[in-house]
Amino acid sequence: MIQVAINGYGTIGKRVADAVREQPDMEVRGVAKTRPNFEAETAVDKGFPLYAAVEERADRFEEAGLEIAGPVEDLVDAADVVVDATPSGIGAENKSMYEEYDTPALYQGGEDADLVDTSFNARSNFEDATGADHVRVVSCNTTGLSRVIAPLREAYGVEKVRATLVRRGGDPGQTSRGPINDILPNPVTIPSHHGPDVETIFDDLDIDTLGMKVPATLMHMHSLNVTLEEEVDASEVRDLFADESRLFQIPERMDIDGSGKLKEYALDAGRPRGDVWENCIWEESVSTVGNDLYLFQGIHQESDVVPENVDAIRAVLGEADAEESIQTTNETMGIGL
Ligand code: NAD
């Protein structure tokens, strides 16, 4: 059994811990947090050994009635791999600790690409992570773009990608984020950082992205234009996407007109936390004009990277190939709406 440490038990970390627990070949060795809060209490209720990320603050957990298994260093030492799901920039600070204990580490999209040996998306470049010590699972938006671009490149060739990302202002729990009554070009400079981030996954990809932020918490929305190397019928592209396990094409009959209903559907379907691990592409929006493909897709920022982290664990340790790992992860998590 692969022993997995999770350092940073917030939005991403707690979801990765639950997904790892579902895997037949993995065990959660423990989770590390900086301070006691409702998430720390849930971790203990779920039976995850809780470690103190900052030793000087360990007594705060005891005061809150939460038993601590030890300092985070003990957890990193005992694990085969660590998933660092700390806030942006903290992963870089933790890197030397993972090196000290010779434990391979996965970082999240908030870290810089040059921190790691390779950036990772299971569908696009699984093998690049084999045997690597430091791997970055790319951000929610980059994951969402990569999952669409990979099959299009393989099937038709891609000349150019243009994407406008309408980004949620904050996650539902992020009470300090905004805007609350505004629409921001964000970043205002063009191209946004998302395009170069997607280029860390694909060699020779021509992509420009623009970003905005809106008063929403549920999901991001991408408006995508891909210039293909050949003229393709939209129905062919829909068939191509139908074979992709992490792309969900929303059929017209479902009458899902936005991210609100998508989240409602996920909750109705019994998804944990209402998570939507798949890209949600409006089937009717998949259109072609000459070589140009257009579509809209919803990306659930809190959860699409979760199966990618599970696959990255197997990739780093050389425990499975892409197809095998993706299939196991999909089956155990229940991916495929
Ligand atoms: P979060 O704030 O919800 O969770 C981070 C957790 O790490 C918190 O529990 C925090 O207390 C803890 N923490 C802070 N400092 C720590 C330290 N030194 N050691 C251990 N734990 C520490 O953040 P998040 O949204 O889960 O984001 C984590 C990473 O995932 C970031 O790189 C982010 O860019 C990336 N990411 C976030 C999203 C998203 O939409 N939330 C999507 C994809 C990727």
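Two strands count as paired here if DSSP finds at least two bridges between them. Keep in mind that you are looking at a predicted model.

**Stop one: the sheet.** Select the strands and follow them across in the order E4-E3-E2-E1-E5-E6-E8-E7: this is an open sheet of eight strands, with parallel pairing. At its edges you will find strand E4 (70-71) and strand E7 (118-120), each of which pairs on one side only.

**Stop two: a pair of neighbours.** Now zoom in on strand E2 (residues 26-33) and strand E3 (residues 50-52), which run parallel and are joined by three bridges.

**Stop three: two helices.** Next, select helix H11 (residues 306-317), which lies across E1, E2, E5, strand E6 (105-107), E7 and strand E8 (134-137). H11 runs at about 160° to E8.

**Stop four: the ligand.** Show the 27 residues around the ligand, then highlight Gly8, Gly10, Ala53, Gln108 and Gly110, which come nearest. Colour the shell by residue class and you will get nine nonpolar, 13 polar and five charged residues. Which element gives the largest share of this shell? Return to H1, which supplies three residues; E2 also contributes at least two.

Key: Residues numbered from 1 in each chain as written. Predicted model: local features only at pLDDT ≥ 70, side-chain atom pairs only at ≥ 80, totals over all residues. Helix = DSSP H or I, 4+ residues; strand = E, 2+ residues; numbered from the N terminus. Contact = placed C-beta atoms within 7 Å. Axes fitted to C-alpha atoms, helices over the stretch in contact; angles between N-to-C directions. Near = placed C-beta within 6 Å. Nonpolar A, V, L, I, M, F, W, Y, C, P; charged D, E, K, R; others polar.
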